[in-house]
Amino acid sequence: MGVPHIIGLIFSMLRASRATPEQIERLREKRFRRLLRAAVARSPFYRNLYKGIDIERCPLSDLPVVDKKTMMENFDEFVTDSRLRKADIHQWLGNKNNYGKMYLEKYIAFKTSGTTGENALVVYDRHALDYVHAALIARHAQPEPITAAQTINLILKALLTKRFSITAVLMTGGPYPASTIAAYPPPFYNYFVKYEVHSLLEPLSQIVRKLNASSCNELYSYPTMLEILAREQLEGRLQLKIEQPLATIASASEPLTDSVRKLVQKAWGMKIQDTYGSAECFLMARSCGRFERMHVMSDLCFLEVVDRQGRPVPDGQTGDKVLITNLCNYVQPFIRYEVSDVTGYSVQPCSCGQPFPTLLPVEGRTDDIFYVERPGGGYDAVHPYLFLGPIVEMSQVREYQLVQTGRNEVTFYYVPVNPAAHVENEVRKVLETGISNAGLSDRVTVKTVCVKSIPRDHRSGKMRQIISQVGVPGDLDTYQD
Ligand SMILES: [Zn+2]
(Lines give C-alpha, C1' and ligand atoms only; values in the text may rest on other atoms or scores of the structure.)
Protein backbone atom coordinates (compact mmCIF):
# COMPACT_ATOMS: atom_id res chain seq x y z
CA MET A 1 0.00 0.00 0.00
CA GLY A 2 1.02 3.60 -0.36
CA VAL A 3 3.47 5.17 -2.76
CA PRO A 4 5.71 2.14 -3.54
CA HIS A 5 2.64 -0.05 -4.16
CA ILE A 6 1.04 2.32 -6.64
CA ILE A 7 4.29 3.07 -8.48
CA GLY A 8 4.95 -0.67 -8.75
CA LEU A 9 1.45 -1.15 -10.15
CA ILE A 10 1.88 1.61 -12.74
CA PHE A 11 5.02 -0.01 -14.10
CA SER A 12 3.56 -3.52 -14.06
CA MET A 13 0.51 -2.21 -15.97
CA LEU A 14 2.72 -0.44 -18.52
CA ARG A 15 4.62 -3.72 -18.96
CA ALA A 16 1.37 -5.68 -19.33
CA SER A 17 0.27 -3.36 -22.15
CA ARG A 18 3.27 -4.61 -24.14
CA ALA A 19 2.99 -8.28 -23.12
CA THR A 20 1.61 -11.14 -25.21
CA PRO A 21 -1.98 -12.40 -24.75
CA GLU A 22 -0.51 -15.60 -23.22
CA GLN A 23 1.43 -13.63 -20.61
CA ILE A 24 -1.72 -11.68 -19.76
CA GLU A 25 -3.61 -14.96 -19.43
CA ARG A 26 -1.05 -16.27 -16.91
CA LEU A 27 -1.11 -13.04 -14.91
CA ARG A 28 -4.88 -13.08 -14.82
CA GLU A 29 -5.01 -16.72 -13.74
CA LYS A 30 -2.66 -15.94 -10.83
CA ARG A 31 -4.76 -12.99 -9.73
CA PHE A 32 -7.98 -14.96 -10.15
CA ARG A 33 -6.86 -17.82 -7.84
CA ARG A 34 -5.61 -15.31 -5.29
CA LEU A 35 -9.03 -13.61 -5.32
CA LEU A 36 -10.89 -16.91 -4.94
CA ARG A 37 -8.71 -17.91 -1.99
CA ALA A 38 -9.32 -14.56 -0.27
CA ALA A 39 -13.07 -14.78 -0.92
CA VAL A 40 -13.42 -18.31 0.48
CA ALA A 41 -11.15 -17.61 3.45
CA ARG A 42 -12.80 -14.40 4.57
CA SER A 43 -16.31 -14.09 3.11
CA PRO A 44 -18.92 -16.41 4.71
CA PHE A 45 -21.14 -15.88 1.65
CA TYR A 46 -18.54 -17.18 -0.84
CA ARG A 47 -17.40 -19.97 1.50
CA ASN A 48 -20.94 -21.27 1.43
CA LEU A 49 -21.53 -20.55 -2.28
CA TYR A 50 -18.37 -22.36 -3.42
CA LYS A 51 -18.85 -25.44 -1.18
CA GLY A 52 -17.73 -28.52 -3.11
CA ILE A 53 -15.93 -26.46 -5.79
CA ASP A 54 -12.17 -26.86 -6.23
CA ILE A 55 -11.19 -23.20 -6.32
CA GLU A 56 -7.58 -24.03 -7.25
CA ARG A 57 -8.55 -25.59 -10.56
CA CYS A 58 -12.16 -24.77 -11.52
CA PRO A 59 -12.73 -22.76 -14.68
CA LEU A 60 -14.44 -19.41 -14.21
CA SER A 61 -17.56 -20.71 -15.93
CA ASP A 62 -18.06 -23.34 -13.18
CA LEU A 63 -18.70 -20.67 -10.59
CA PRO A 64 -22.26 -19.56 -9.86
CA VAL A 65 -23.40 -16.13 -11.02
CA VAL A 66 -24.17 -13.53 -8.35
CA ASP A 67 -26.61 -10.69 -8.90
CA LYS A 68 -27.08 -7.35 -7.18
CA LYS A 69 -30.14 -8.43 -5.22
CA THR A 70 -28.32 -11.44 -3.72
CA MET A 71 -25.24 -9.34 -2.99
CA MET A 72 -27.24 -6.62 -1.23
CA GLU A 73 -29.39 -9.07 0.74
CA ASN A 74 -26.27 -10.84 2.00
CA PHE A 75 -24.02 -7.78 2.19
CA ASP A 76 -22.71 -8.35 5.73
CA GLU A 77 -21.59 -11.91 4.87
CA PHE A 78 -20.53 -11.01 1.34
CA VAL A 79 -17.70 -8.69 2.41
CA THR A 80 -14.44 -10.03 3.84
CA ASP A 81 -14.29 -7.83 6.95
CA SER A 82 -17.01 -8.64 9.50
CA ARG A 83 -16.91 -5.05 10.75
CA LEU A 84 -18.44 -3.89 7.45
CA ARG A 85 -22.19 -3.78 7.93
CA LYS A 86 -24.65 -2.48 5.39
CA ALA A 87 -26.80 -0.52 7.84
CA ASP A 88 -23.79 1.15 9.48
CA ILE A 89 -22.21 2.13 6.15
CA HIS A 90 -25.49 3.58 4.88
CA GLN A 91 -25.77 5.64 8.02
CA TRP A 92 -22.16 6.78 7.74
CA LEU A 93 -22.62 7.78 4.11
CA GLY A 94 -25.74 9.74 5.07
CA ASN A 95 -23.60 12.13 7.11
CA LYS A 96 -22.13 14.65 4.68
CA ASN A 97 -19.34 15.49 7.17
CA ASN A 98 -17.81 12.10 6.40
CA TYR A 99 -17.19 13.06 2.79
CA GLY A 100 -13.47 12.64 2.07
CA LYS A 101 -12.90 10.57 5.22
CA MET A 102 -12.21 6.85 5.29
CA TYR A 103 -14.68 4.48 6.90
CA LEU A 104 -13.04 2.61 9.81
CA GLU A 105 -9.94 4.50 8.63
CA LYS A 106 -9.35 2.14 5.75
CA TYR A 107 -12.38 1.90 3.47
CA ILE A 108 -14.17 4.09 0.97
CA ALA A 109 -17.77 3.38 0.05
CA PHE A 110 -20.05 4.46 -2.75
CA LYS A 111 -23.49 3.78 -4.09
CA THR A 112 -24.38 3.00 -7.65
CA SER A 113 -27.28 4.69 -9.39
CA GLY A 114 -28.80 1.47 -10.70
CA THR A 115 -31.84 1.55 -12.91
CA THR A 116 -33.70 -1.18 -11.05
CA GLY A 117 -34.22 -2.11 -7.43
CA GLU A 118 -31.98 -1.15 -4.57
CA ASN A 119 -28.78 0.75 -5.39
CA ALA A 120 -25.66 -1.32 -4.87
CA LEU A 121 -23.34 -0.44 -2.02
CA VAL A 122 -19.68 -0.88 -2.92
CA VAL A 123 -16.63 -0.83 -0.67
CA TYR A 124 -12.97 -0.53 -1.68
CA ASP A 125 -9.88 -0.34 0.51
CA ARG A 126 -6.66 1.49 -0.31
CA HIS A 127 -5.23 -1.62 -1.96
CA ALA A 128 -8.15 -1.84 -4.43
CA LEU A 129 -8.12 1.92 -4.92
CA ASP A 130 -4.40 1.86 -5.76
CA TYR A 131 -5.22 -0.34 -8.77
CA VAL A 132 -7.78 2.20 -9.98
CA HIS A 133 -5.42 5.16 -9.70
CA ALA A 134 -2.53 3.22 -11.22
CA ALA A 135 -4.69 2.17 -14.18
CA LEU A 136 -5.90 5.75 -14.68
CA ILE A 137 -2.25 6.73 -15.15
CA ALA A 138 -0.87 3.64 -16.92
CA ARG A 139 -3.82 3.30 -19.31
CA HIS A 140 -4.00 6.98 -20.18
CA ALA A 141 -4.39 7.10 -23.97
CA GLN A 142 -1.98 9.08 -26.06
CA PRO A 143 -1.65 9.11 -29.85
CA GLU A 144 1.96 7.94 -29.35
CA PRO A 145 2.60 5.33 -26.64
CA ILE A 146 4.53 6.63 -23.65
CA THR A 147 7.49 4.73 -22.28
CA ALA A 148 8.33 4.28 -18.62
CA ALA A 149 11.24 6.76 -18.99
CA GLN A 150 8.93 9.39 -20.50
CA THR A 151 6.42 8.82 -17.69
CA ILE A 152 9.12 9.53 -15.10
CA ASN A 153 10.20 12.59 -17.07
CA LEU A 154 6.64 13.94 -17.15
CA ILE A 155 6.19 13.33 -13.42
CA LEU A 156 9.43 15.17 -12.65
CA LYS A 157 8.42 18.08 -14.85
CA ALA A 158 5.05 18.29 -13.13
CA LEU A 159 6.75 18.19 -9.74
CA LEU A 160 9.31 20.85 -10.54
CA THR A 161 7.54 23.24 -12.91
CA LYS A 162 3.80 22.98 -13.40
CA ARG A 163 1.41 20.43 -11.97
CA PHE A 164 -0.63 18.31 -14.34
CA SER A 165 -4.14 19.70 -14.19
CA ILE A 166 -7.32 17.62 -14.36
CA THR A 167 -10.67 19.40 -14.56
CA ALA A 168 -13.67 17.22 -13.90
CA VAL A 169 -17.37 18.02 -14.12
CA LEU A 170 -19.16 15.37 -12.11
CA MET A 171 -22.14 14.56 -10.00
CA THR A 172 -21.16 15.61 -6.48
CA GLY A 173 -22.63 15.89 -3.02
CA GLY A 174 -23.13 12.18 -2.44
CA PRO A 175 -21.35 8.84 -2.64
CA TYR A 176 -21.20 8.81 -6.47
CA PRO A 177 -18.42 6.59 -7.83
CA ALA A 178 -16.50 9.03 -10.08
CA SER A 179 -16.40 11.94 -7.63
CA THR A 180 -15.65 9.59 -4.73
CA ILE A 181 -12.62 8.13 -6.54
CA ALA A 182 -11.48 11.70 -7.25
CA ALA A 183 -11.89 12.62 -3.58
CA TYR A 184 -9.44 9.91 -2.45
CA PRO A 185 -6.27 10.48 -4.44
CA PRO A 186 -3.09 8.61 -3.52
CA PRO A 187 -1.06 10.43 -0.86
CA PHE A 188 1.57 11.85 -3.22
CA TYR A 189 -0.80 12.98 -5.97
CA ASN A 190 -1.09 16.60 -4.90
CA TYR A 191 2.60 17.19 -5.55
CA PHE A 192 2.17 16.79 -9.28
CA VAL A 193 -1.54 16.71 -10.02
CA LYS A 194 -4.03 19.53 -9.55
CA TYR A 195 -7.53 18.09 -9.42
CA GLU A 196 -10.44 20.47 -9.86
CA VAL A 197 -13.95 19.05 -9.56
CA HIS A 198 -16.97 21.10 -10.60
CA SER A 199 -20.47 19.99 -9.71
CA LEU A 200 -22.88 19.51 -12.57
CA LEU A 201 -25.62 20.45 -10.14
CA GLU A 202 -24.58 24.07 -10.54
CA PRO A 203 -26.20 26.25 -13.22
CA LEU A 204 -24.46 25.74 -16.54
CA SER A 205 -23.54 29.43 -16.84
CA GLN A 206 -21.69 29.17 -13.54
CA ILE A 207 -19.78 26.04 -14.61
CA VAL A 208 -18.85 27.76 -17.88
CA ARG A 209 -17.64 30.85 -16.02
CA LYS A 210 -15.40 28.76 -13.76
CA LEU A 211 -14.01 26.71 -16.63
CA ASN A 212 -13.24 29.89 -18.57
CA ALA A 213 -11.13 31.10 -15.68
CA SER A 214 -8.86 28.08 -15.86
CA SER A 215 -7.09 25.76 -18.26
CA CYS A 216 -6.33 22.07 -17.92
CA ASN A 217 -4.44 19.14 -19.40
CA GLU A 218 -7.36 16.79 -19.02
CA LEU A 219 -11.09 17.35 -19.09
CA TYR A 220 -13.02 14.50 -17.48
CA SER A 221 -16.80 14.09 -17.41
CA TYR A 222 -19.79 12.04 -18.52
CA PRO A 223 -20.54 11.89 -22.27
CA THR A 224 -23.87 13.70 -21.72
CA MET A 225 -22.04 16.55 -19.97
CA LEU A 226 -19.24 16.61 -22.56
CA GLU A 227 -21.94 17.04 -25.19
CA ILE A 228 -23.32 20.04 -23.34
CA LEU A 229 -19.85 21.54 -22.85
CA ALA A 230 -18.91 20.94 -26.49
CA ARG A 231 -21.96 22.92 -27.60
CA GLU A 232 -21.06 25.71 -25.22
CA GLN A 233 -17.53 25.74 -26.64
CA LEU A 234 -18.81 25.77 -30.24
CA GLU A 235 -21.17 28.61 -29.47
CA GLY A 236 -18.29 30.58 -28.00
CA ARG A 237 -19.64 30.91 -24.48
CA LEU A 238 -17.09 28.39 -23.24
CA GLN A 239 -13.44 28.97 -24.06
CA LEU A 240 -11.79 26.08 -22.31
CA LYS A 241 -8.20 25.38 -23.33
CA ILE A 242 -6.94 21.82 -23.06
CA GLU A 243 -3.17 22.06 -23.02
CA GLN A 244 -0.17 19.83 -23.65
CA PRO A 245 1.45 17.70 -22.30
CA LEU A 246 -0.95 14.75 -22.27
CA ALA A 247 -3.88 16.87 -23.47
CA THR A 248 -6.88 14.59 -23.02
CA ILE A 249 -10.63 14.54 -22.93
CA ALA A 250 -11.83 11.51 -21.02
CA SER A 251 -15.35 10.24 -20.58
CA ALA A 252 -16.76 7.67 -18.20
CA SER A 253 -19.88 6.19 -16.62
CA GLU A 254 -22.18 6.29 -19.66
CA PRO A 255 -22.01 4.94 -23.21
CA LEU A 256 -20.12 7.30 -25.49
CA THR A 257 -21.95 7.69 -28.76
CA ASP A 258 -20.64 8.65 -32.14
CA SER A 259 -22.50 11.95 -32.13
CA VAL A 260 -20.78 13.07 -28.91
CA ARG A 261 -17.44 11.90 -30.27
CA LYS A 262 -17.90 14.03 -33.39
CA LEU A 263 -19.16 17.07 -31.52
CA VAL A 264 -16.22 17.02 -29.10
CA GLN A 265 -13.78 16.62 -31.98
CA LYS A 266 -15.35 19.65 -33.63
CA ALA A 267 -15.21 21.70 -30.43
CA TRP A 268 -11.63 20.96 -29.34
CA GLY A 269 -10.04 19.17 -32.29
CA MET A 270 -9.41 16.14 -30.09
CA LYS A 271 -10.64 12.61 -29.71
CA ILE A 272 -12.19 11.34 -26.50
CA GLN A 273 -10.66 8.61 -24.41
CA ASP A 274 -13.60 6.45 -23.55
CA THR A 275 -13.85 4.42 -20.35
CA TYR A 276 -16.12 1.54 -19.46
CA GLY A 277 -16.55 0.71 -15.83
CA SER A 278 -18.95 0.58 -12.94
CA ALA A 279 -18.69 1.06 -9.21
CA GLU A 280 -18.20 -2.70 -8.83
CA CYS A 281 -15.25 -2.64 -11.19
CA PHE A 282 -14.26 0.93 -11.79
CA LEU A 283 -12.06 0.39 -14.85
CA MET A 284 -12.97 -2.47 -17.15
CA ALA A 285 -12.03 -1.05 -20.53
CA ARG A 286 -10.44 2.10 -21.94
CA SER A 287 -9.68 3.29 -25.41
CA CYS A 288 -6.08 3.30 -26.55
CA GLY A 289 -4.21 5.98 -28.49
CA ARG A 290 -6.01 4.97 -31.68
CA PHE A 291 -9.28 6.09 -30.04
CA GLU A 292 -11.29 3.61 -32.07
CA ARG A 293 -12.36 0.96 -29.63
CA MET A 294 -11.96 0.22 -25.96
CA HIS A 295 -9.53 -2.46 -24.79
CA VAL A 296 -10.77 -4.70 -21.97
CA MET A 297 -8.21 -4.63 -19.16
CA SER A 298 -8.05 -8.38 -19.04
CA ASP A 299 -5.12 -8.29 -16.64
CA LEU A 300 -7.38 -6.65 -14.04
CA CYS A 301 -10.81 -8.16 -14.63
CA PHE A 302 -12.93 -10.73 -16.42
CA LEU A 303 -15.70 -9.39 -18.56
CA GLU A 304 -18.05 -12.12 -19.81
CA VAL A 305 -20.71 -11.16 -22.35
CA VAL A 306 -23.82 -13.35 -22.01
CA ASP A 307 -27.38 -13.52 -23.31
CA ARG A 308 -30.54 -13.28 -21.22
CA GLN A 309 -30.21 -16.94 -20.19
CA GLY A 310 -26.61 -16.44 -19.13
CA ARG A 311 -25.08 -18.26 -22.11
CA PRO A 312 -21.84 -16.87 -23.58
CA VAL A 313 -22.32 -14.69 -26.66
CA PRO A 314 -19.89 -15.14 -29.59
CA ASP A 315 -17.42 -12.36 -30.34
CA GLY A 316 -18.74 -9.84 -32.83
CA GLN A 317 -22.22 -9.82 -31.26
CA THR A 318 -23.70 -7.88 -28.38
CA GLY A 319 -25.17 -9.69 -25.40
CA ASP A 320 -27.91 -8.80 -22.93
CA LYS A 321 -25.84 -8.87 -19.77
CA VAL A 322 -22.26 -8.77 -18.57
CA LEU A 323 -20.67 -10.86 -15.82
CA ILE A 324 -17.94 -8.90 -14.05
CA THR A 325 -15.06 -10.31 -12.04
CA ASN A 326 -12.94 -7.62 -10.43
CA LEU A 327 -9.53 -9.15 -9.73
CA CYS A 328 -8.32 -6.27 -7.54
CA ASN A 329 -10.93 -5.86 -4.81
CA TYR A 330 -10.53 -8.36 -1.97
CA VAL A 331 -12.80 -6.47 0.45
CA GLN A 332 -15.98 -7.04 -1.50
CA PRO A 333 -15.21 -9.73 -4.06
CA PHE A 334 -17.26 -9.33 -7.23
CA ILE A 335 -16.96 -12.69 -8.96
CA ARG A 336 -19.22 -13.37 -11.95
CA TYR A 337 -21.36 -10.47 -10.83
CA GLU A 338 -24.21 -9.78 -13.19
CA VAL A 339 -24.92 -6.31 -14.56
CA SER A 340 -27.35 -5.49 -17.31
CA ASP A 341 -24.98 -3.60 -19.62
CA VAL A 342 -25.24 -4.21 -23.34
CA THR A 343 -21.87 -4.74 -24.98
CA GLY A 344 -19.87 -7.30 -26.94
CA TYR A 345 -16.35 -8.21 -28.03
CA SER A 346 -15.06 -7.00 -31.36
CA VAL A 347 -13.47 -9.50 -33.75
CA GLN A 348 -11.30 -6.86 -35.39
CA PRO A 349 -7.82 -6.47 -33.94
CA CYS A 350 -6.66 -2.97 -33.01
CA SER A 351 -3.58 -1.66 -34.81
CA CYS A 352 -2.00 -0.39 -31.57
CA GLY A 353 -0.65 -3.84 -30.73
CA GLN A 354 -1.93 -4.08 -27.14
CA PRO A 355 -2.61 -7.66 -26.01
CA PHE A 356 -6.07 -6.80 -24.70
CA PRO A 357 -9.27 -7.66 -26.62
CA THR A 358 -11.50 -4.80 -27.76
CA LEU A 359 -15.20 -4.07 -27.41
CA LEU A 360 -17.71 -3.26 -30.11
CA PRO A 361 -18.40 0.44 -30.51
CA VAL A 362 -21.55 1.93 -29.01
CA GLU A 363 -24.16 2.89 -31.53
CA GLY A 364 -26.95 5.43 -31.47
CA ARG A 365 -27.04 8.87 -30.03
CA THR A 366 -27.55 10.39 -26.63
CA ASP A 367 -31.18 11.14 -26.02
CA ASP A 368 -30.67 11.69 -22.32
CA ILE A 369 -30.19 15.43 -22.56
CA PHE A 370 -33.24 17.65 -22.32
CA TYR A 371 -33.18 20.72 -24.55
CA VAL A 372 -35.41 23.50 -23.26
CA GLU A 373 -36.27 26.71 -25.08
CA ARG A 374 -34.27 29.75 -24.17
CA PRO A 375 -36.05 33.11 -24.13
CA GLY A 376 -35.02 34.99 -27.26
CA GLY A 377 -34.30 31.87 -29.31
CA GLY A 378 -32.12 28.80 -29.10
CA TYR A 379 -32.02 26.06 -26.50
CA ASP A 380 -30.43 25.32 -23.18
CA ALA A 381 -29.16 21.81 -22.66
CA VAL A 382 -30.13 20.43 -19.27
CA HIS A 383 -28.34 17.44 -17.83
CA PRO A 384 -30.93 15.13 -16.27
CA TYR A 385 -28.76 14.62 -13.19
CA LEU A 386 -29.83 18.10 -12.23
CA PHE A 387 -33.18 16.62 -11.39
CA LEU A 388 -32.14 13.13 -10.47
CA GLY A 389 -29.28 13.96 -8.12
CA PRO A 390 -31.49 15.07 -5.24
CA ILE A 391 -34.04 12.30 -5.97
CA VAL A 392 -31.42 9.57 -5.49
CA GLU A 393 -31.04 10.84 -1.95
CA MET A 394 -34.78 10.50 -1.25
CA SER A 395 -35.41 7.38 0.76
CA GLN A 396 -39.21 7.51 0.32
CA VAL A 397 -39.06 6.81 -3.42
CA ARG A 398 -38.40 3.30 -4.73
CA GLU A 399 -38.44 3.77 -8.50
CA TYR A 400 -38.83 6.75 -10.74
CA GLN A 401 -38.78 7.93 -14.29
CA LEU A 402 -38.32 11.45 -15.57
CA VAL A 403 -39.98 12.21 -18.88
CA GLN A 404 -39.63 15.41 -20.88
CA THR A 405 -43.28 15.65 -21.85
CA GLY A 406 -43.12 19.06 -23.49
CA ARG A 407 -40.27 21.26 -24.67
CA ASN A 408 -40.30 23.09 -21.33
CA GLU A 409 -42.20 20.54 -19.25
CA VAL A 410 -41.07 17.45 -17.35
CA THR A 411 -43.20 14.78 -15.72
CA PHE A 412 -41.85 12.77 -12.83
CA TYR A 413 -43.37 9.33 -12.34
CA TYR A 414 -42.53 7.71 -9.03
CA VAL A 415 -43.30 4.64 -6.93
CA PRO A 416 -43.26 5.38 -3.19
CA VAL A 417 -41.57 2.87 -0.87
CA ASN A 418 -44.67 2.88 1.31
CA PRO A 419 -47.79 2.94 -0.92
CA ALA A 420 -49.88 4.41 1.89
CA ALA A 421 -47.58 7.37 2.46
CA HIS A 422 -48.26 10.70 0.75
CA VAL A 423 -44.88 11.99 -0.30
CA GLU A 424 -46.01 14.13 -3.23
CA ASN A 425 -45.17 17.44 -1.52
CA GLU A 426 -41.68 16.30 -0.60
CA VAL A 427 -41.02 14.94 -4.08
CA ARG A 428 -42.22 18.16 -5.67
CA LYS A 429 -40.11 20.28 -3.34
CA VAL A 430 -36.94 18.31 -4.16
CA LEU A 431 -37.54 18.62 -7.91
CA GLU A 432 -38.36 22.32 -7.74
CA THR A 433 -35.23 23.01 -5.70
CA GLY A 434 -33.14 21.23 -8.36
CA ILE A 435 -34.73 23.32 -11.11
CA SER A 436 -34.35 26.52 -9.19
CA ASN A 437 -30.65 25.79 -8.47
CA ALA A 438 -30.18 25.33 -12.20
CA GLY A 439 -31.74 28.74 -12.79
CA LEU A 440 -34.65 27.31 -14.76
CA SER A 441 -37.66 27.92 -12.44
CA ASP A 442 -39.19 30.53 -14.69
CA ARG A 443 -39.12 28.24 -17.71
CA VAL A 444 -39.58 24.61 -16.80
CA THR A 445 -42.80 23.26 -15.33
CA VAL A 446 -42.83 20.04 -13.32
CA LYS A 447 -45.62 17.55 -13.00
CA THR A 448 -45.52 14.66 -10.53
CA VAL A 449 -47.45 11.44 -10.92
CA CYS A 450 -47.54 8.70 -8.29
CA VAL A 451 -47.77 5.25 -9.94
CA LYS A 452 -47.80 1.58 -8.86
CA SER A 453 -44.91 0.61 -11.14
CA ILE A 454 -42.71 2.01 -13.89
CA PRO A 455 -43.08 0.24 -17.23
CA ARG A 456 -39.98 -1.50 -18.61
CA ASP A 457 -38.61 -0.74 -22.04
CA HIS A 458 -40.18 -3.39 -24.29
CA ARG A 459 -36.92 -3.94 -26.17
CA SER A 460 -34.30 -4.20 -23.44
CA GLY A 461 -36.54 -5.18 -20.53
CA LYS A 462 -34.79 -2.47 -18.53
CA MET A 463 -36.28 0.57 -16.96
CA ARG A 464 -35.18 3.84 -18.44
CA GLN A 465 -34.93 6.58 -15.87
CA ILE A 466 -34.73 9.39 -18.41
CA ILE A 467 -36.87 9.70 -21.50
CA SER A 468 -37.47 12.66 -23.74
CA GLN A 469 -40.74 12.46 -25.64
CA VAL A 470 -39.97 15.64 -27.56
CA GLY A 471 -36.40 14.64 -28.42
CA VAL A 472 -33.60 16.78 -29.78
CA PRO A 473 -34.96 19.91 -31.52
CA GLY A 474 -34.70 19.70 -35.30
CA ASP A 475 -33.25 23.20 -35.54
CA LEU A 476 -30.68 22.70 -32.75
CA ASP A 477 -27.69 22.89 -35.05
CA THR A 478 -28.74 26.19 -36.59
CA TYR A 479 -27.98 27.76 -33.22
CA GLN A 480 -24.67 26.03 -32.95
CA ASP A 481 -22.38 27.94 -35.28
ZN1 LIG B 1 -5.69 -0.21 -29.46
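Q: In which sense do strand β17 and β20 pair, and over how many bridges?

A: Two strands pair if DSSP finds at least two bridges between them; strands (E, at least two residues) and helices (H or I, at least four) are DSSP runs, numbered from the N terminus. Here β17 (residues 397-406) and β20 pair in the parallel sense, over three bridges. Gln404 stands opposite Ser468 in β20. The model is predicted: local features need pLDDT of at least 70 and side-chain atom pairs count only at pLDDT 80 or more, while totals for chains, interfaces and linings use all residues. Residues are numbered from 1 along each chain as its sequence is written, and side-chain values use heavy atoms, with hydrogens and water left out.

Q: What is the order of the four strands in the open sheet?

A: The order is β19-β18-β17-β20, with mixed pairing. At the edges are β19 (445-450) and β20 (466-468), each of which pairs on one side only. From one strand to the next, the twist averages 20 degrees.

Q: Which helix lies across β17, β18 and β19?

A: Axes are lines fitted to C-alpha atoms, for helices over the stretch in contact (heavy atoms within 4.5 Å); angles run from 0 to 180 degrees between N-to-C directions. Helix α14 (residues 424-437) lies across these three strands and runs at about 150 degrees to β19.

Q: How many aromatic pairs does a search of the whole structure find?

A: A pair of aromatic rings is described by the distance of the centres and the angle of the planes. Rings of Phe, Tyr and Trp (its six-membered ring) pair if their centres lie within 6.5 Å; planes under 30 degrees apart count as stacked, over 60 as edge-to-face and the rest as tilted. The search finds twelve such pairs. The planes of Phe45 and Phe78 meet at 40 degrees, with the ring centres 5.1 Å apart, so this pair is tilted. It links distant parts of the chain, since Phe45 in helix α3 (residues 44-49) and Phe78 in helix α5 (residues 75-78) are 33 residues apart.

Q: Is Phe45 buried or exposed?

A: Buried means under 20% relative accessible area, exposed over 50%, and partly exposed in between (1.4 Å probe, protein chains only). Phe45 has 12% relative accessibility and therefore counts as buried; Phe78, at 0%, is buried.

Q: Which residues do ring pairs link into a cluster?

A: The cluster consists of Phe45, Tyr46, Tyr50, Phe78, Phe334 and Tyr337.
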